[in-house]
Number of protein chains: 2
Amino acid sequence: MNEQPRQQSIEDGQEVIERVQEMIERKESTPLLDLLRPMHPADVADLMEHLDAEEADYLFSLLDHASASEVLAEMDEHIRERLVAEIGAEKLARIVDRMESDDAAEVVAKLSDELAERVLESIGEEDSEDVKELLGHEEDTAGRLMAMEIVSVHEDATVAQAIAAIRRAADQIGEFYNVYVVDSGGRLKGVLPLARLLRSPSDRRVADVMERDVVRVPEGMDQEDVAHVVQKYDLVSVPVVDEMDRLVGRITIDDIVDVVVEEASEDIRRMAGTGDEAIREDSAFRVAGVRLPWILISLIGGVLSGSVIGAFRGTLSSFLPLAIFIPIITAMGGNIGIQSASLTVRGLAMGEIGAYEIWKRLFRELRVGIVMGLVCGGSVGLIALFWESNAALGIVVGVAMASAITVAATMGTFVPVAFKKLGIDPAIATGPFVTMSNDVIGLIIYFGIATAMRDWLVKL
Amino acid sequence: MNEQPRQQSIEDGQEVIERVQEMIERKESTPLLDLLRPMHPADVADLMEHLDAEEADYLFSLLDHASASEVLAEMDEHIRERLVAEIGAEKLARIVDRMESDDAAEVVAKLSDELAERVLESIGEEDSEDVKELLGHEEDTAGRLMAMEIVSVHEDATVAQAIAAIRRAADQIGEFYNVYVVDSGGRLKGVLPLARLLRSPSDRRVADVMERDVVRVPEGMDQEDVAHVVQKYDLVSVPVVDEMDRLVGRITIDDIVDVVVEEASEDIRRMAGTGDEAIREDSAFRVAGVRLPWILISLIGGVLSGSVIGAFRGTLSSFLPLAIFIPIITAMGGNIGIQSASLTVRGLAMGEIGAYEIWKRLFRELRVGIVMGLVCGGSVGLIALFWESNAALGIVVGVAMASAITVAATMGTFVPVAFKKLGIDPAIATGPFVTMSNDVIGLIIYFGIATAMRDWLVKL
C-alpha cells in the first residue's frame, strides 16, 4: 500500500467519509476495520474529526489498543478530550501505556484529577513516573513538551557499545535520529547522529567521534523560544537539560512545527480579537461569547469617538459637510494603525526586532507615517476641495488626515512594543485597541482643526 | 565549547556585535576569526545581519570557503543577495560547490543570468546538473525545495550493503535519517529509518525490513501542501517522486518549518495589507510604496462611505445627533468583519475548512452575527436612548447596529471563501476589502432606517 497523501482530493475524502458512515450505521465492523487497517493513524484521526460524536465513538471502540493509542496521539484536542472522558479508566490506561511519554502526558494533563490518578496507577511504574515528571513542568515549557525516551551512552563507551544500546532501546522508542553522549554525572557532552555512528569504526570511543557542539535548551525555556532555537539552527531534535546541564529529554521537530503553527494562529486570532484558543464550537452563543469581549472594547472606543463628535457638535452643525469625512478619517487611521501594528507584532514574534532595533523601527514608522500622511492627506484634501468646492474644507481635511495618519503609524508601532515591555502579548494590542485609539485621536485632530478654522470654513 | 543558544540575552548579543565592530574597524583579522570559529554558522549569519554592509563584507571575506558556504546557507535572503553579487564568480563558485544542492539552487536562482552561468560552469559537473534540474522546477514546488542528495539502495540489497552505501555516501551528504529503497526502475518502494537499519540482521534483504508505507509527495506539489503533509504525518523528511513514482529527492523538515513560518507571516501581512513580502527596507519611501496601494483601497472605501453620508445629508441635517453614532457603526462592523474573515482565512489556510464545511460555517457565522448583533445593537441602542433621551434614536441606532453586525459577520466569512473560489488569496480579502464593504453597508443600513423613521426621530 502506498500512502499517497490525500490532501488534494476533498471529493475522495468525502466519499470515504460517507462509506464509513454507512458501515457504522450498519455496524459492519469487519469491513470497516479492513478499510481502516492500511490507513495512516493521522488519516484515521482526520476521518474521525468528520464524523459525529456517536459515529466516532463507535469507530474508536473497534480499534485495538495499539492503533487507538496511535490515532489518539494524532487527534485534535477537542475530540480527544471528549473520547478519553468516555472510554473508561481501564481501557484508557492500556492505550496511554502504549504512548510515548510526551503524548501520554498531553492526554493525562486534560483528564479530571480522579481519572488521571486511576490511569497513572494502572500503567507501568516507569511510564507513570515519566508522565508525572513531565506534568511537573509548567505548561508551554521545554520540560513539558519533551519526550523522555532518549538513547544515551557514556562518553567512554565504544561505537559498538552504542550500537548495542540502540538495538536494546529500539523496541521502546519509536523513531530517533541521534544518540546522546553523557558523562558519569549524566551531563550532556555530545551527540552522535546515527549516520555518523554508522560510519565510525566500532572500536572507537564515542567521545572521539561525537559532535561536541550540541545546541541544547533548558527545561524551563518557553516553547516559543525553543521553536526559535530549532528554526535558527535547523535542528531535527533538540536535547533538553536541567540546570546542572544533565540530559533530561529531547524535543523532536514535529512537535515544534505544531508550536510554530499554533503561535502564528494565536497571533492572528489575537490581532483579530477572536480569543486565545481556536474556535471549534458549533454553538453560536459560545462563539459569540468568546468574541464579544473584544467587540465590547471597540464599543467603548465607538462611544468615545461619538463623544468627540458630540463635543464638537457646534462646529458640525455650523458646517455639516464635515460629517462626510468622518468615515474616511477613521478608516484610514485604523488601517494604517493595523498595518504598523501587525508588522511590529510579527517582527517581535519572529525575534526580528531586538531591544536595539526598537527605536530605529519607531523612527522609521514615523517617517513612513509622514510620507503616507502627505500622500493620503493630499489626495483626500483634493477630493474634499472638489466635492464641496470649498478650499478651506480641503485644507482642514487634508491637514487632519496627514496628522492622523502620522499618529496612527507611530501608535501602531509604539503600542505593541509598550505592551511587550509590560509583559502583555503585543498581538492583543493590534486589533481593537489600536483601531480604537486611532479613531479617537483622528477625530480630535479633525474636529480640532475644523473648529480652529470654523470661521473660514463657513465663510467660503 | 557548548553552544548554548543566545536567544535570551539580547545584551550579550549586543556586546558581541560591538566587539566585532571594533575588531573590524581595526582590521584585527586573527582575533576576529578566533572569536568566530567556535560559533555556529547560524550565529555568524545572525551577527552579520546586525553589521552594516561594509563591515559584513569585510567579515565575510575573512571566512574560508567551507565556513562561507555554511554561513551563506543560513543567511537572510536580502543580505545574501547583496553579498553574492559582490564576491566575484570564482570565489562564489567555490563556495556554492560546497553547498547541498537545495541551498546551492537557492543562491544561484537569485544571480544574474550571466553570473549564474559562470558559477555553474565552475562547479563540479554533477553538482551543476543537480542545480540546473532543481531550477527547472517551478518556484514554491516540492521539486524546487528538495535536495537531491539522497541515499538509496536497491530492494534486493542486504542490510550490510545498505550500511556500506551509507558509509560511502556519508562524506557527500551532511545529515540524513533515512535510506530509501527503490526497485530497478528507480521507483520508491520503501524506507529504512537508520535506527531500524541498525537493529536489523546484516544478511536480511532490505525489502524484508523496510517500512512499505511511505508518505511521498509529487515534485509538482505546492510547498504549502507539502507543509500540510509533513505536519499531518509528523515527518522529519519526505521523499519527492516524479510522475512515474521514481525517487528524485527529499525535503527535510527544517525547510518545511521555514515554509510554515513564511506562509503564516504572509497571511498576516496580507490580512493587514502590508504586501506579500516581508518589509526589511529602511527607506520610508519604499515602505510607504508597498503599503500605500492597500491604503488607497480604504481611501476609496472612505469616499464611498462619505458619499453615503452625503446622500443622506437631508436626514442628517434634520437630526444632527445621528452623526455621533457614525464611528460606532463603522468600528463595530469593521471589527466583527475582521474577526469573521480572519477565522475563515486561517481555517482555509490550515485546511480546516473543506468544501463540505463551507455552508455549515457560513450558517454558523450568520447565527453568531445575529447573537452579537442583538447584544451590541441592544447596548448601543440603550446608550443612544439615554445619551440623547430619545427613544426613536435608541431604536434606530440599535436596529441599524444589529443588522450591520449580522451582515458584517456574514460578509467576513463569505468574501474570503468567494476569493478562494476565484483563485485569489483569501488573506487579501480580509483587511481593507472587508472593512470597506462593511463601512458602506453599515452606513446605508443606518441612514436608511433613520430616513424611514425621520419624522418620528425629529418629533420626539
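Strand S5 (residues 237-241) of chain B pairs with S6(B) in the antiparallel sense, over five bridges. The model is a predicted one.

- S5(B) belongs to an open sheet of three strands, ordered S4-S5-S6 in chain B, with mixed pairing.
- The edge strands are strand S4 (217-218) and strand S6 (247-252) of chain B, and each pairs on one side only.
- Helix H15 (residues 223-232) of chain B packs on this sheet and touches S4, S5 and S6 of chain B. The direction of H15 makes about 135° with that of S5(B).
- S4(B) and S5(B) pair in the parallel sense over two bridges.
- Val240(B) in S5(B) is the bridge partner of Val217(B). In S6(B), the bridge partner of Val240(B) is Gly249(B).
- Val238(B) has Ile251(B) in S6(B) as its bridge partner.
- S5(B) is mostly covered, with five of its five residues buried.
- Both faces of S5(B) are covered. Ser237(B), Pro239(B) and Val241(B) are buried on one side, Val238(B) and Val240(B) on the other.
- S5(B) and S6(B) form a hairpin with five residues between the strands. There, Asp245(B) takes a positive phi near 70°.

**The sheet S1-S2-S3 of chain B**

- Three strands form an open sheet in the order S1-S2-S3 of chain B, again with mixed pairing.
- Strand S1 (152-154) and S3 of chain B stand at the edges, each with a single partner strand, so one side of each is left without a neighbour in the sheet.
- On average, neighbouring strands of this sheet are turned by 30° against each other, direction ignored.
- Strand S2 (residues 178-182) of chain B runs antiparallel to S3(B), joined to it by five bridges.
- Val182(B) stands opposite Leu188(B) in S3(B). Asn178(B) stands opposite Pro193(B) in S3(B).
- S2(B) and S3(B) form a hairpin with five residues between them. In the turn, Gly186(B) has a positive phi of about 80°.
- Strand S3 (residues 188-193) of chain B is mostly covered, with five of its six residues buried.
- Helix H12 (residues 159-169) of chain B lies across S1, S2 and S3 of chain B. H12 runs at about 150° to S1(B).

**Contact between the chains**

- The contact takes 103 residues from chain B and 102 residues from chain A.
- Helix H17 (residues 284-311) of chain B gives the most to the side of chain B that touches chain A, with 16 residues.
- By class, that side of chain B has 60 nonpolar, 25 polar and 18 charged residues.

**Symmetry of the contact**

- Two copies of a chain are related by a rotation about an axis and a shift along it.
- The same surface serves both copies, as 99% of the contact residues of chain B recur in chain A.

**Helix H7 of chain A**

- In helix H7 (residues 89-97) of chain A, the residues Leu92(A), Ala93(A), Ile95(A) and Val96(A) are buried.
- These residues cover an arc of only 165° around the axis, which puts them on the same side of H7(A).
- An α-helix has 3.6 residues a turn, so residues three or four places apart point the same way.

**Ile297 of chain A**

- Ile297(A) is found in helix H17 (residues 284-311) of chain A.
- Ile297(A) counts as partly exposed because it has 18 C-beta neighbours inside 10 Å, while a buried residue needs 20 or more.
- Leaving aside neighbours within four places in sequence, Ile297(A) is in contact with Pro432(A), Phe433(A) and Met436(A).
- Ile297(A) and Pro432(A) are 135 residues apart along the chain, yet their C-alpha atoms are separated by 6.6 Å.

Conventions
Residues numbered from 1 in each chain as written. Chains lettered and ligands numbered in written order. Predicted model: local features only at pLDDT ≥ 70, side-chain atom pairs only at ≥ 80, totals over all residues. Contact = placed C-beta atoms within 7 Å. Buried ≥ 20, exposed ≤ 12 C-beta atoms within 10 Å, placed from the backbone. Helix = DSSP H or I, 4+ residues; strand = E, 2+ residues; numbered from the N terminus. Arc of directions from axis to C-beta. Pairing = 2+ DSSP bridges. Axes fitted to C-alpha atoms, helices over the stretch in contact; angles between N-to-C directions. Nonpolar A, V, L, I, M, F, W, Y, C, P; charged D, E, K, R; others polar.
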